[in-house]
Amino acid sequence: MANEEPGRVEKITQDLAAYVNMRVDAAKLSLIEALATIFGSGLVILISIILGSIALVLMTAACALWLGELMGSLVGALLVMGGAYLLLAVLVYALRNKLLINGMVGFLSRLLFRPKEKIEDDEHSEE
């Protein structure tokens, strides 16, 4: 019995080291998945912002020209459009916590902290 103890302790030590290594590898893979999801989402958001900005500039120019014809003054129409954007900027600033910060926190928490059931469902669906 005394001869079996050193072998068992060594085996348990090896198993524990293997378990710790597997947990570290799982954590690394989880981090890589989270970073890939964040960067992918960030890229989609960046492209959407760029395309949306181009569309907004073109629509603003068209609206200013149309208002200029209605008002008889292009300068007056541009001032009206500038005032509308200034009002919109003040509104966004006033609601920044509700619109931007809380939304971003929720978005990132959904990306990073998916429920375990969802992860297990994803793993079973791949098989």
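Tutor: pLDDT is the predictor's confidence in each residue, on a scale from 0 to 100; helices are DSSP runs of H or I with at least four residues, numbered from the N terminus. The model is predicted, so local features need pLDDT of at least 70 and side-chain atom pairs count only at pLDDT 80 or more, while totals for chains, interfaces and linings use all residues. Residues are numbered from 1 along each chain as its sequence is written, and side-chain values use heavy atoms, with hydrogens and water left out.

The protein averages a pLDDT of 85, and 85% of the residues score at least 70. Confidence is highest in helix 2, at a mean of 94, and lowest in helix 4 (residues 116–126), at 54. Where pLDDT is low, the predicted coordinates should not be read in detail.

Leu56, Tyr85, Leu88, Leu91, Val92, Leu95, Leu99, Leu100, Ile101 and Val105 form a nonpolar surface patch of about 870 Å². Such a patch joins nonpolar side chains (Val, Leu, Ile, Met, Phe, Trp, Tyr) within 5 Å, from residues with over 30% relative accessible area and no salt bridge; a salt bridge is a side-chain nitrogen of Lys or Arg within 4 Å of a carboxyl oxygen of Asp or Glu. Areas come from the Shrake-Rupley method with a 1.4 Å probe, and for residues only the protein chains shown count as cover.

Helix 2 (74–94) and helix 3 (96–112) each supply at least two residues of the patch. Val105 lies in helix 3 and counts as exposed because its relative accessibility is 53%, the classes being buried under 20%, exposed over 50% and partly exposed in between.

Key
Patch = residues over 30% accessible without salt bridge, like charges linked within 9 Å, V, L, I, M, F, W, Y side chains within 5 Å. Buried < 20%, exposed > 50% of the residue type's maximum accessible area, 1.4 Å probe, protein only.
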